[in-house]
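Visitor: I would like to learn how to read the features of a model such as this one. Could you take me through it step by step?

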Amino acid sequence: MLSRTADSLYWLGRYVERAENTARLLDGTQHLSLLPISLDEQGNLWRNLFQSPSEIEAFTAKHSAFTDLPVIEFMALDQENSSSISSCIFAARENTRSARHVLTTEISQCINQTWMDIRGVGMSQVIERGTQDFLDHVKERAHLFKGVIYGTMRRGEPFLFWELGTALERAENTSRLIMARAEAFHRANRRDDGFDFYRWGTFLRSANAYSAYRQLYGDIAPISVADMLILNANIPRSLLSCIDDTTRILRTLKPEAPCVGMAEQLAAEIRTARLDQVVRSGLAGFLRDFRERVHTLSDQIRVDFIMVR
């Protein structure tokens, strides 16, 4: 398969997954902001969605305060923001067109309809429709798109490159989700008035993991939430599960490639991590290191499969 086709499929997986996870992040933050917290705490909730100086600079160039509507507009609709939902769906559509010779008609129709649904939508329309409804629609379209791929696409290299992009993007976005709430994992920030139950329940729902958590762990406790989303290989969005999936795909595609060893080492380090030590020494630092490792792995994958643009 041509490297440019592999590149298009890889980024198709990443962009659709990024759009869905951004919708999940915004949805969860909006629900958390409705809990009885101070205005400063609300501002911190929205500000914590921006995890690099460049992201903060891009936002503050257009908006004066980290509040719900400006952040939702920037992260969902701003086409000058390359990571916004709108930009991701547009980029996914372009990558679908580039790889259309290995994709089914149903896949192209699905992403085209998703783009038509959100193209030109403004914040006033989102408010009128309801931000919850808009974000739910994005998540539903992402689920539909993945279902169409799994149901209609021939298994082979094209499918694996799409799956690879999806797994890596999911790993990065799960770490971003945890990072946005990293302070809440420390004992000093916990509350015993029932607030934590609703806070962590909302957090788990934003990761599509609430039902699974209750089945596996029962009562909600921050350390168990971290264990589930970092170390539990049976949870599709956990860091370990995502890197395990990445390793499996790379072994199938090119077992002798340098990126395979990098993925295997990262998976082994996560699997042997002591979560209590991670939380005590600094969960934020652990997650920053993980994201840097994922970025390095992604760069190596593109070199190994000649996907560098």
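Guide: Let us begin with burial: a residue is called buried when its relative accessible area is under 20%, exposed when that value is over 50%, and partly exposed in between. Please keep in mind that this is a predicted model.

Visitor: How does Phe66 count at 17% relative accessibility, buried or exposed?

Guide: Phe66 counts as buried, because its 17% relative accessibility falls under the 20% limit. Phe50 is buried too, with a relative accessible area of 6%.

Visitor: Which parts of the chain does the pair of Phe50 and Phe66 tie together?

Guide: Phe50 sits in the loop between α2 (39-47) and α3 (53-60), while Phe66 sits in the loop between α3 and α4 (68-77), so the pair ties together parts that are 16 residues apart in sequence. The two rings also belong to a cluster: ring pairs link Phe50, Phe59, Phe66 and Phe74.

Visitor: What about the pair formed by Phe161 and Phe305?

Guide: The ring centres of Phe161 and Phe305 are 5.3 Å apart and the planes are at 90°, so this pair is edge-to-face. Phe161 belongs to helix α9 (residues 157-180) and Phe305 to the segment after α15 (275-304), so the pair ties together parts 144 residues apart in sequence. Both partners are out of the solvent by our criterion: Phe161 is buried at 4% relative accessible area, and Phe305 is buried at 12%.

Visitor: Which charged residue lies over the face of Phe305?

Guide: That is Lys254, at 5.7 Å from the ring centre of Phe305. Elsewhere, Arg155 lies over the face of Phe159, at 4.1 Å from the ring centre.

Visitor: Now salt bridges, please. How many does the structure hold?

Guide: It holds 26 salt bridges. Take Glu55 and Arg176, whose side chains meet with an N to O distance of 3.1 Å. This pair links distant parts of the chain, since Glu55 is in helix α3 and Arg176 in helix α9, 121 residues apart. Glu55 is partly exposed, at 23% relative accessible area, whereas Arg176 is buried, at 12%.

Visitor: Which residues are linked in a network of salt bridges?

Guide: The network links Glu17, Glu20, Arg24, Lys146, Arg170 and Arg237. Lys146 is also listed among the buried residues of α8.

Visitor: How should I read a helix such as α8?

Guide: Start with its span. Helix α8 (residues 131-152) has 22 residues and reaches 32 Å from its first C-alpha to its last, close to the 32 Å expected at 1.5 Å a residue. Next, look at what is buried: among the buried residues of α8 are Phe134, Leu135, Val138 and Ile149. The buried residues of α8 pack against α1 (3-33), α4, α5, α6 (105-118), α7 (123-129) and α9.

Visitor: Which residues have the most contacts inside the largest nonpolar core?

Guide: Leu26 and Ile85 do, in a core of 96 residues. Leaving aside neighbours within four places in sequence, Ile85 is in contact with residues including Leu26, Met75, Ile118, Leu135 and Val138. Two of these, Leu135 and Val138, are buried residues of α8.

Visitor: Could we finish with a loop residue?

Guide: Gladly. Val102 lies in the loop between α5 and α6 and counts as partly exposed, at 26% relative accessibility. Beyond its neighbours within four places in sequence, Val102 is in contact with Thr5, Leu9, Met153 and Pro158. The C-alpha atoms of Val102 and Thr5 are separated by 8.5 Å, although the residues are 97 apart along the chain.

Note on methods: Residues numbered from 1 in each chain as written. Predicted model: local features only at pLDDT ≥ 70, side-chain atom pairs only at ≥ 80, totals over all residues. Heavy atoms only, no water. Helix = DSSP H or I, 4+ residues; strand = E, 2+ residues; numbered from the N terminus. Buried < 20%, exposed > 50% of the residue type's maximum accessible area, 1.4 Å probe, protein only. Phe/Tyr/Trp six-rings, centres within 6.5 Å; stacked < 30°, edge-to-face > 60°. Lys NZ or Arg CZ within 6 Å of the ring centre and 35° of its normal. Expected span 1.5 Å × (residues − 1). Contact = heavy atoms within 4.5 Å. Core = buried A, V, L, I, M, F, W, Y, C linked by side-chain atoms within 4.5 Å. Salt bridge = Lys/Arg side-chain N within 4 Å of Asp/Glu carboxyl O.
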